[in-house]
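Please read them with the coordinates open.

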Amino acid sequence: MKQTPQELLVTQRMQPGVITLSGFLGIDQRPLNEIIADDAQTLLRLDITAPEIAERMQYLTDQSQQAYEGGIIIDGSYEVETEITRGKLPCPFLHRGLQRKTVTTCTHLTTGITIRWTALNIHMIKEHGFFEGKGSPFRLEPGTLIKVLFPDAAHRS
Ligand SMILES: [Zn+2]
């Protein structure tokens, strides 16, 4: 797929050291629009939308922030902890507005699978269907996310 000038600019902003130290693309050589399109295929197959995933991540993040300190058990299914550090990050997709710097660690108690995400991950999934490139430290595999966040839906795959 040919890339638009805007996509090229966004790709440039995703390089290591521009917005974050490690960047957003990892070792992925695919154009941005292909990364997004491939993950969209996975979501289609599993019958879950990106906003649905983001909403679930936001819910767990919000709930965990109610904890006085450390992790809390949410809905009897997840142990979740959110760490907040100073500072804010812009969205690489040329959005106005800044995201807080948070890292949420979520363990699904039944399977023992642990995933972690940032506030920017939630924003990029919700608004851009972007789960980051392969090999990126905060790459989130849609299949794994769905398995953890929607355990009843995962068997559809
Ligand atoms: Zn954005």
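1. Arg 116 sits over the face of Phe 138, 4.1 Å from the ring centre. The criterion for a charge over a ring is NZ of Lys or CZ of Arg within 6 Å of the ring centre and within 35 degrees of the ring normal.

2. The model is predicted, with local features requiring pLDDT of at least 70 and side-chain atom pairs counted only at pLDDT 80 or more, while totals for chains, interfaces and linings use all residues. Residues are numbered from 1 along each chain as its sequence is written, and side-chain values use heavy atoms, with hydrogens and water left out.

3. Phe 138 also belongs to the residues closest to the centre of the largest pocket, along with Thr 20, Leu 89, Val 103 and Thr 118; the lining has 15 residues. A pocket here is an open set of points on a 1 Å grid over the protein atoms alone, where a 1.4 Å probe fits, with protein on both sides within 12 Å along at least five of seven lines; lining residues have an atom within 4 Å of a point. The volume of the largest pocket is about 260 Å³, taken as the space filled by probe spheres set on the points, which are joined across faces, edges and corners.

4. Strand E2 (78-90), strand E3 (98-108) and helix H4 (119-128) each supply at least two residues of this lining. E3 gives the most, with four residues. Helices (H or I, at least four residues) and strands (E, at least two) are DSSP runs numbered from the N terminus. By class the lining has six nonpolar, six polar and three charged residues; Asp, Glu, Lys and Arg count as charged, Ala, Val, Leu, Ile, Met, Phe, Trp, Tyr, Cys and Pro as nonpolar, and the others, Gly among them, as polar.

5. How many aromatic pairs does a search of the whole structure find? One. The ring centres of Phe 93 and Phe 130 are 5.6 Å apart (cut-off: within 6.5 Å) and the planes are at 70 degrees, so the pair is edge-to-face (over 60 degrees). Phe 93 is in the loop between E2 and E3 and Phe 130 in the loop between H4 and helix H5 (142-149), 37 residues apart.

6. The whole structure has zero disulfides, a disulfide being a pair of cysteine sulfur atoms within 2.5 Å. Cys 91 is buried at 1% relative accessibility, and Cys 106 is buried at 0%.

7. Asp 152, in the segment after H5, is exposed at 67% relative accessibility, the cut-off being over 50%.

Terms used:
Buried means under 20% relative accessible area, exposed over 50%, partly exposed in between (1.4 Å probe, protein chains only). Rings of Phe, Tyr and Trp (its six-membered ring) pair if their centres lie within 6.5 Å; planes under 30 degrees apart count as stacked, over 60 as edge-to-face and the rest as tilted.
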